[in-house]
Structure formats: C-alpha cells, structure tokens
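User: I'm new to this one and would like a walk through it. Could you start with how far to trust it?

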Amino acid sequence: MAKRKRSRQRPDFKIQRTETGDVATRADGLIVCDFCLAENPQWEYEAKDMAITAHPQIDMSQGAWAACGDCVRLIEANDVDGLLDRCVREQRENMPEGTPNADGSGVVRWPSPLDHRDLLRPNLVRFFFAKRGSPVPIRP
Ligand SMILES: [Zn+2]
C-alpha cells in the first residue's frame with residue numbers, strides 16, 4: 001500500500017512492529033502494486049492519507065496507491081472480495097516467504113491465508129473510501 005511518499009525508488013516507511021508482523025516490502029526498491037505486489041504497476045490512485053493496520057512496517061498510507069491492471073479492474077468494479085482474494089493469492093506469489101524486508105528488519109513471513117484475508121480487509125475497505133476518482137497512468 002502507498003506507504004511510500006512520492007518517491008518511486010524506495011518506499012519511505014514508517015516502522016511499526018505488530019503481533020502479526022508478516023507483510024513486507026521489497027529490498028531491491030522495485031515499485032510494486034500496492035495491492036497484489038506485482039512488479040511495475042501502470043496505474044495509481046490519488047487517495048487521502050489513511051491508517052494502515054496490522055502491518056509490521058507501516059501504520060499510515062500517505063499519497064497515491066500504485067495499482068496493476070488486474071487490481072484496477074477489481075477496484076473499478078467495487079469488488080472488495082475479489083480484490084481480497086487476489087491480494088492474498090498474489091502477494092504470496094510475488095513476495096515469497098524468506099524475501100528480505102526493505103528496512104533490513106528480517107524476512108517476509110505470511111500469516112495463514114484466512115488470517116491474511118482478515119488482516120487485509122479493513123485496509124482495503126478504508127482504501128475504497130480514501131481513493132479519489134479514477135486511476136491515472138503512472139508517469140515514468
Ligand atoms: Zn495488483
């Protein structure tokens with residue numbers, strides 16, 4: 001999620017440890033979809049700043065959220081459940097367990113798929129209220 005500010009090189013994280021401590025970001029600085037973590041997302045949503053819960057490194061989202069085409073389609077269809085299913089499935093594929101965290105704080109560990117879905121849901125629901133308008137192409 002858009003824990004980053006406007007920089008596209010490396011996310012600007014606010015660190016917060018949580019009991020669940022399981023979601024992470026890429027250490028190589030690659031920009032990924034803020035929803036499913038796919039590489040090189042082509043779209044972004046302007047959004048109001050909002051709280052991020054149950055995330056080991058982030059407790060606030062500031063600014064735009066990057067999104068890949070598949071996530072945009074689900075968001076534009078207001079398909080929260082479809083987006084949740086996609087995020088749980090794809091995040092694990094795109095950032096396997098053991099991937100180093102961007103902040104040097106260890107490696108990625110995922111909760112069970114059911115817990116993962118429950119932890120993601122409030123953040124995605126908040127995003128639907130925080131986003132402003134339609135997605136726009138990310139400028140290189
Ligand atoms: Zn995506």
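Analyst: In the protein, confidence is highest in helix α1, at 98, and lowest in strand β3 (residues 60–61), at a mean of 88, where pLDDT is the predictor's confidence in each residue, from 0 to 100, and helices (H or I, at least four residues) and strands (E, at least two) are DSSP runs numbered from the N terminus. This is a predicted model, in which local features need pLDDT of at least 70 and side-chain atom pairs count only at pLDDT 80 or more, while totals for chains, interfaces and linings use all residues. Residues are numbered from 1 along each chain as its sequence is written.

User: What does the protein average in pLDDT?

Analyst: The average is 80, and 79% of the residues score at least 70.

User: Ok, on to α1: which residues are buried there?

Analyst: Within α1 (residues 69–76), the buried ones are Cys71, Leu74 and Ile75, buried meaning 20 or more other C-beta atoms within 10 Å of a residue's own, exposed 12 or fewer, and partly exposed in between, with C-beta atoms placed from the backbone.

User: And what's on the face turned away from that buried side?

Analyst: That face carries Gly69 and Glu76, which are exposed.

User: How do α1 and α2 pack?

Analyst: Their axes, which are lines fitted to C-alpha atoms over the stretch in contact, lie 8 Å apart at an angle of about 155 degrees, the angle running from 0 to 180 degrees between N-to-C directions. That makes α1 roughly antiparallel to α2, a label for angles over 145 degrees.

Terms used. Angles under 35 degrees count as roughly parallel, over 145 as roughly antiparallel, 65 to 115 as roughly perpendicular and the rest as oblique.
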